[in-house]
Amino acid sequence: MQITRSKALFEKAKNYIPGGVNSPVRAFRAVGGDPIFIKRADGAFIYDEDDNAYIELINSWGPMILGHNHPMIREAVIKAMENGTSFGAPTAREVEIAELITHMVPSVEKVRMVNSGTEATMSAIRVARGFTGRDKFIKMEGHYHGHGDSFLISAGSGAITMGNPDSPGVTKGTAKDTLLAPYNDLEAIEKLVRANKNEIAAIILEPVPGNMGLAIPQKGYLEGLRKICDREGIVLIFDEVMTGFRLAKGGAQELFGVSPDMTTLGKIIGGGMPVGAYGGKREIMEHVSPAGPVYQAGTLSGNPIAMAAGLTMLNYLNEHPEVYNQLNEIGNKLTQGIRKSLDKLGLKYTINHLGSMYSLFFTGQQVFDFNSAKQSNTVLFGKYFQEMLKRGIYLAPSQFESLFLSTALTDELIQKILHANEESLIALHH
Ligand code: PMP
């Protein structure tokens, strides 16, 4: 495998872009080596600037659930572009996608489109504060909700990967209103609620966190949060930017049967275009401007091209529920195969898996919260990442990210991944 153009581009990029990339984890800092620059992608594959092909296990960090460059979405985008790229005025397509979202995610009675997951979570917290008249909110250690100031406290994803879970630039004034709890610990929430009686506007969490690597909610945990929020008048926000339309048509809330008051969405909802959304109960969303006094706006929000891509994606998922069985099957085959190799090689590493998301942690301990995720040997992960890359498998370049599978993974490709996985694990231990 020849990698020359990517190296040259990275050297040049570093002159003009901070760290040479437009989003930190892309720089491969946590896994060593230089990032590969991507020229194109199709189906299960991405191709770098040197024309090397890689089997995709990130899929643009989630959106490409049907694989890359899907003809259906490509055609919808091209067709939409023929009528102009932005109007800054309402369109029929926005009404259609809003109706579809409320159908697929029934806890969302009204929804506002934005341009990223970050915008969705920032706005949702503002609305929850406006609705309750309270300032504080609880977030879980190691969960990531985009780069809004109030979320960059014990943040997962790139923030922990780069060693900055608490970012400089976030004022003490902002930070004091973000209360932290470990994930999967209801007693910790009860303590915070007692100590901040009638002051907590919201509890926000990834119901199935993917940003500290994948972790699974323990039995009764999400239900427990629901009960506490009901009792205390706290707005429960599920950040389903990753899990929405992925773990089920209606996201993690459908899978676990727990209904939040508000939901934030992103990634799949845009079919690969820059889209996010937040929504929830009618009486809460009626507080959003111009229906109510909580301000939130966007020049490009509801962009016609982005809506065409998103609408095509969501319509397809809505009409083809068998996609989720297919994704489960792909996830099962892959993770069972990895487990088999681990057993064969006598390695006691942990795999967390749900549907089309999984993480391999380089620790023998169970991983169920941020502290246990941090027990993983990230040096070993970096080596594993490089061994897989050499063998043409593109993983997320950090231990603290889930992998995302697509329907483009055939049995033959799964076997290729499993073969590369076993060879890589062997290479790690020699
Ligand atoms: N919430 C979650 C759960 C996420 O995983 C992410 C991004 N990975 C975000 C919010 C932020 O989304 P964006 O990167 O589109 O701003």
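1. Pro-290 lies in the loop that runs between helix 10 (282-285) and helix 11. The peptide bond joining Ser-289 and Pro-290 is cis, with omega of about 5°. The model is a predicted one, and the values in this note are to be read accordingly.

2. Phe-28 shows a positive phi of about 65° and is placed in the loop between helix 1 (5-16) and strand 1 (38-42). Ser-60 shows a positive phi of about 60°; its place is the loop between strand 3 (53-56) and helix 2 (71-81).

3. Are these two residues buried or exposed? Phe-28 has 20 other C-beta atoms within 10 Å and is therefore buried, since 20 or more is the cut-off for that class. Ser-60 has 16 C-beta neighbours inside 10 Å, so it counts as partly exposed.

4. As to the overall form, the protein has 15 helices and 14 strands. Its C-alpha atoms fill a box of roughly 60 × 55 × 45 Å along the principal axes. A compact globule of 430 residues would have a radius of gyration near 22 Å, and the 21 Å of the protein agrees with this.

5. Of the 430 residues, 50% count as buried. Among contacts with a separation of 6 or more, 74% are accounted for by residues 24 or more positions apart.

6. In soluble globular proteins, nonpolar side chains tend to be buried together. Here the largest nonpolar core holds 124 residues, and those touching the most other members are Ala-128, Ala-202, Ile-203, Val-235, Ile-237 and Ala-277. Helix 11 (residues 304-319) gives the most to this core, namely nine residues. The core lies between domain 1 (5-69 + 321-428) and domain 2 (71-319), because both give residues to it.

7. Leaving aside residues up to four places away in sequence, Val-235 touches Ala-128, Phe-131, Thr-132, Ala-201, Ala-202, Cys-229, Asp-261, Met-262 and Ile-284.

8. Which residues are closest to the ligand? Of the 16 residues that surround the ligand, the closest are Ser-116, Gly-117, Thr-118, Gly-146 and Val-241. Helix 4 (residues 117-132) supplies the largest share of this shell, three residues. By class, the shell has ten polar, four nonpolar and two charged residues.

How values were computed: Residues numbered from 1 in each chain as written. Predicted model: local features only at pLDDT ≥ 70, side-chain atom pairs only at ≥ 80, totals over all residues. Near = placed C-beta within 6 Å. Helix = DSSP H or I, 4+ residues; strand = E, 2+ residues; numbered from the N terminus. Nonpolar A, V, L, I, M, F, W, Y, C, P; charged D, E, K, R; others polar. Core = buried A, V, L, I, M, F, W, Y, C linked by C-beta atoms within 7 Å. Buried ≥ 20, exposed ≤ 12 C-beta atoms within 10 Å, placed from the backbone. Domains from an automatic or database assignment. Contact = placed C-beta atoms within 7 Å. Rg over C-alpha atoms; globule rule 2.2 N^0.38 Å.
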